[in-house]
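Please find below a short note for a colleague who is new to this structure. The points run from the whole chain to single residues.

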Amino acid sequence: MGSIQKKLAEQLRAQEDYAQAKLQEYTELKQANRLSPEEQQAREKELLKLDEDLQKQAADAEYNLQAKRQDLLNPVLENCKMRSMR
């Protein structure tokens with residue numbers, strides 16, 4: 001279970017690092033007035049998409065982790081249920 005959680009966390013961290021680098025690049029270019037209005041709009045759209053993707057990936061990771069936990073617990077719960085019925 002821990003390895004799955006670690007793998008999901010690493011994937012999210014990589015996505016977050018990429019998004020942070022893009023935000024930093026955008027901020028520097030904007031502050032230096034090196035973006036045309038069209039470029040600024042395109043970069044803002046890209047940043048919003050990255051943010052949406054990150055939120056979706058985080059939600060998916062949480063769902064997958066919960067599903068895996070449930071898969072692991074079901075046999076234990078069934079066993080307990082069977083023993084209590086004896």
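**Notes on the predicted model**

1. The protein exposes about 7,100 Å², of which carbon and sulfur atoms supply 52%; accessible areas come from the Shrake-Rupley method with a 1.4 Å probe, and for residues only the protein chains shown count as cover. This is a predicted model, in which local features need pLDDT of at least 70 and side-chain atom pairs count only at pLDDT 80 or more, while totals for chains, interfaces and linings use all residues. Residues are numbered from 1 along each chain as its sequence is written, and side-chain values use heavy atoms, with hydrogens and water left out.

2. The protein has 2 helices and 0 strands (DSSP runs numbered from the N terminus: H or I of at least four residues for helices, E of at least two for strands). Its C-alpha trace spans about 75 × 20 × 10 Å along the principal axes.

3. Of the 86 residues, 13% count as buried (buried is under 20% relative accessible area, exposed over 50%, partly exposed in between, with a 1.4 Å probe and protein chains only).

4. Leu50 touches Tyr18, Ala19 and Lys22, leaving aside residues up to four places away in sequence (contact means heavy atoms within 4.5 Å).

5. Asn33 lies in the loop between α1 (2-31) and α2 (37-84). Although Asn33 is not a glycine, its phi is positive, at about 55°. Asn33 counts as exposed because its relative accessibility is 70%.

6. Val76 has its place in helix α2. With 46% relative accessibility, Val76 counts as partly exposed.
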